[in-house]
Amino acid sequence: MSHDPTGDSTDPDEEVGDTGDVQQNLKAMVQQTLQQMQGAEAPLPPAIRRRIKALKRLQLATTKLEAAFFAEVQELEAKYLLQYQPWLDKRSDIVNGKYEPTDDECVWENGDEDDEEGQGAQSKSENETKAIESSGSASDKEIKGIPGFWLTTLRNVDLMGDMIEECDEPVLEHLTDIKVAYVDTKGLDFTLEYHFSENDYFTNKVLTKSYTVSCDVNSEEPFSYEGAYIKSGKGCTIEWKKGKNITVKIVKKKQKHKGGRGQTRTVQKTVPNRSFFNTFSLPDASKDGDDDMAIQLSDDFARAEFLRDRLIPKAILFFTGEALEDDDDGQQFSGEEGDEDDDENGDGDDSFNPQEQVMKSKPPECKNQ
């Protein structure tokens, strides 16, 4: 065995192994620091931080291009809404009994499937229908249009139906149409119009909710961008007729006389009442508010987008329930009181029958206590 005169007994193969270990350790360190970027104990090497900044600049450029894409999409929405409008107007005429479709217009290609669905819906309320017809209170010829069309459509969708109270139903029976109106050809700002027939509750012919929309990228959080979004909303003032405001109720409370000897008196107090029509009173988004207000606005904006993009264009499919089969979007909202209240009040039945709504008698009156 030869002796190394230099005294260095390091094996060359070991040197190669040590170099490989160093490279592996370096890779492990980089991977670990990348995984711990949120509050990392050790900062990334300067060269990597520099390249990350370059990549973020590229990402920001694509985000801005994405914003331009969504702006053009909104313009197309406004353009084609004008072309849809004649069909939407005809839908309104049929629903409200202003136009009776011809036999040719009533031919549906999927006739067999449609008939089966119709028979299924009819069987659920067959007894009630026969009773009404035999009493002479309603007949096929006397029914104009589709009574309760929009009430049924709204009730069929959880995120809208959960807002509708019993005292809202007789008012919503007068809802004849819900429309979208864009402010201009840019297709950003829009108004939801709720059209009502003459009724005993308020004098307004149309109730509106207007929304301001933006496609801009938030400079403070550019990478959270997901497309056009609602910035603010504004409701309207409902001109309630005397004693018909269902958004408030009168409660009676016993109160002790000051300085009296156990004597009490009954006082009346006006307090808020749960109602679908509270949605027309929105808090001011420009003012700083609490978390509840932020949740209320966020939920309202989501409903507005759902109405604009899905329910209004496809109202007949939500009326029949066909659009609900694959509809899982936005069914739960953080600001709403959930199924607990519905179960307690017995209002949690999902099988709201369109035919039952069409044929039923006068809805219950809202009783203010």
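## A buried salt bridge

Asp300 counts as buried, at 3% relative accessibility. In this predicted model, the side chain of Asp300 meets that of Lys209 in a salt bridge, with 2.4 Å from N to O. Asp300 belongs to helix α8 and Lys209 to strand β3 (residues 206-214), so the pair ties together parts that are 91 residues apart in sequence. Lys209 is also buried, with a relative accessibility of 3%.

## Helix α8

Besides Asp300, the buried residues of α8 include Met293, Leu297, Phe301, Ala304, Phe306, Leu307 and Leu311.

Arg308 is buried at 12% relative accessible area and forms a salt bridge with Asp309, the closest N and O atoms being 2.7 Å apart. Asp309 itself is partly exposed, at 40%.

## The nonpolar core

The largest nonpolar core has 52 residues, and those touching the most other members are Leu154, Phe190, Leu192, Tyr194, Phe276 and Phe277. Helix α8 (residues 291-311) supplies the largest share of this core, seven residues. In soluble globular proteins, nonpolar side chains tend to be buried together.

Beyond its neighbours within four places in sequence, Phe277 is in contact with Asp168, Val171, Leu172, Phe196, Phe202, Leu207, Ile238, Trp240, Ile246 and Thr247.

## Helix α2

Gln74 is part of helix α2 and is buried, with a relative accessible area of 8%. Leaving aside neighbours within four places in sequence, its contacts are Lys186, Gly187, Leu188, Cys215, Ala228 and Arg308.

Tyr84, also found in helix α2 (residues 46-95), is partly exposed at 47%. Together with Leu76 and Tyr80, Tyr84 forms a nonpolar surface patch of about 310 Å² of accessible area.

Lys90 and Glu105 meet through their side chains in a salt bridge (2.7 Å, N to O). Lys90 lies in helix α2 and Glu105 in the loop between α2 and α3 (111-124), so this pair ties together parts that are 15 residues apart in sequence. Glu105 is partly exposed at 37%, and Lys90 is partly exposed at 35%.

## The chain as a whole

The chain has 11 helices and six strands, and the structure holds six salt bridges. Of its 369 residues, 30% count as buried. Among contacts between residues at least 6 apart in sequence, 61% join residues at least 24 apart. The chain exposes about 25400 Å², with 48% of that area supplied by carbon and sulfur atoms.

Technical notes
Residues numbered from 1 in each chain as written. Predicted model: local features only at pLDDT ≥ 70, side-chain atom pairs only at ≥ 80, totals over all residues. Heavy atoms only, no water. Patch = residues over 30% accessible without salt bridge, like charges linked within 9 Å, V, L, I, M, F, W, Y side chains within 5 Å. Areas by Shrake-Rupley, 256 points an atom, 1.4 Å probe, with all protein chains shown as cover. Salt bridge = Lys/Arg side-chain N within 4 Å of Asp/Glu carboxyl O. Helix = DSSP H or I, 4+ residues; strand = E, 2+ residues; numbered from the N terminus. Buried < 20%, exposed > 50% of the residue type's maximum accessible area, 1.4 Å probe, protein only. Core = buried A, V, L, I, M, F, W, Y, C linked by side-chain atoms within 4.5 Å. Contact = heavy atoms within 4.5 Å.
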